[in-house]
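Thanks for coming, everyone. Please look at the screen.

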Amino acid sequence: MELFYYMVFGFLGAVVAAVELSKSNKDRINTPQAFNSFKNNYLLVYSLMMAGDWLQGPYVYYLYSQYGYGKGEIGQLFIAGFGSSMLFGTIVGSLADKQGRKRACVTYCITYILSCITKHSPQYKVLMLGRVLGGIATSLLFSAFESWLVAEHFKRGFDQQWLSLTFSKAIFLGNGLVAILAGLFGNLLVDSMNLGPVAPFDAAACFLAIGMAIILSSWTENYGDPSESKDLLTQFKGAAVAIASDEKIALLGAIQSLFEGSMYTFVFLWTPALSPNEEEIPHGFIFATFMLASMLGSSIASRLMTHSSPKVESYMQIVFVVSAASLLLPIVTTFFVAPSKVKGGSISFSGCIQLLGFCTFEACVGIFWPSIMKMRSQYIPEEARSTIMNFFRIPLNIFVCIVLYNVNAFPITVMFGMCSIFLFVASILQRRLLVIADKSKSEDRAAMKERDTEAEPLNVA
């Protein structure tokens, strides 16, 4: 492996360690033991859930190809997964508000375990069923757990600011450290122990089962709106009305869809971008480097969110601009760096520049997740939290399906340019959200001051 990869990985590791070790008491919030126990329990469960997800990711395409399916058939399987997340996942995720968030988290575990089991069959229909189940599970993963956490956090009377501690640590562990360890563990199972490409899916099922046992034994149930008079259609209408009537919620949904759509597109594009002439690149090591960059981002977010200034709505504008610029690098390098015509070999000079840009983008992803979680906890109403969060995923899944279907129709530079534009638009919408949020707070303060003035007794001479 080339020295360059080790240098990038080592540099990011050193920066992550420096950021974590340099945190002073001003960067930390003293919290009681009751909250720490609650937080650690959630982090353990969330890490197990993410381990079950990360173990599968690198081997899905590889497993399908080993079963003899071509690029077109594999693309259809992936589209089925995102389509399932959009259709069935939205319905199942919305049931969490009425039937209970703990129950929805258990449903995630069962659904994803069943999806893992289907990977043992080479039959296309069985694999398609697995993708449908996986799509449903993905919607639950990104809505039910966060909804349960926010509701339980406030039910136990904890300070709202402490939520940012749980969010940032969950991303640091679940989307960083656990992802790296899962990649290494999967590589150990498949390559070192020669257990075959199904082994990571079996390991994922085991982690999910352990997490489900902890949920069943230690979590309590909470609901959004358990009213029996509300059917599913009424819930959808209520969520749609909430989004349409509150510009802050609508902006938040648009920002999330734009950023996540660009992020999932990046997942498909980074490999051909770094090896346009079939250069030999260490995919697993690069993936681990990206996850380390994401850990750096979540560590930075943790420090930012422990302070009242700058506000999340403010610094996220900069994050979106930086992420937009980082995905422009593949376009810039085509103009200023002469493309190599040699097939194979090691990574090119332009590939090295792009890798640094991609690490910057992944750092932005690490900042994005805990920050968007904090904003959702502030703006999305509790009674329809899971329903609204799954509404946000509808345009995201439509967009990813369109990209997957047309992945060979456009040059890779056009795709990166499109993602960069989306991220720049997200920064503009984030600016609008900041303005509206500040205006709402000013109006609330003025209203409170007016009520206090009216409540003061008249001075009688």
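Start with helix α2, residues 33–54. Keep in mind that this is a predicted model. Helix α2 has 22 residues. From its first C-alpha to its last, α2 reaches 31 Å. At 1.5 Å a residue, 32 Å is expected, so the computed span is close to that. Is α2 largely enclosed or open? Count the residues: 16 of the 22 in α2 are buried, so the rest of the structure largely encloses this helix.

Second stop: a pair of helices. Find α5, residues 101–118, and α6, residues 124–141. Their axes come within 8 Å. They cross at roughly 155 degrees. How do α5 and α6 run relative to each other? Angles over 145 degrees count as roughly antiparallel, and therefore α5 and α6 are roughly antiparallel to each other. The crossing of α5 past α6 is left-handed.

Now, who meets whom? On the α5 side, the residues are A104, T107, Y108, T111, Y112, L114, S115 and T118. On the α6 side, they are V126, L127, G130, L133, G134, I136, A137, L140 and L141. Sort this contact by class, and you get eleven nonpolar residues, six polar and no charged ones. Here is a rule to remember when you look at such lists. An α-helix has 3.6 residues a turn, so residues three or four places apart point the same way.

Last stop: a single residue. S420 sits in helix α17, residues 412–455. Is S420 buried or exposed? Its relative accessibility is 6%, so S420 counts as buried. Which residues does S420 touch, leaving aside neighbours within four places in sequence? S420 is in contact with A324 and L328.

Methods. Residues numbered from 1 in each chain as written. Predicted model: local features only at pLDDT ≥ 70, side-chain atom pairs only at ≥ 80, totals over all residues. Heavy atoms only, no water. Helix = DSSP H or I, 4+ residues; strand = E, 2+ residues; numbered from the N terminus. Buried < 20%, exposed > 50% of the residue type's maximum accessible area, 1.4 Å probe, protein only. Axes fitted to C-alpha atoms, helices over the stretch in contact; angles between N-to-C directions. Parallel < 35°, antiparallel > 145°, perpendicular 65-115°, else oblique. Left-handed = near helix turned anticlockwise from the far one by under 90°. Contact = heavy atoms within 4.5 Å. Nonpolar A, V, L, I, M, F, W, Y, C, P; charged D, E, K, R; others polar.
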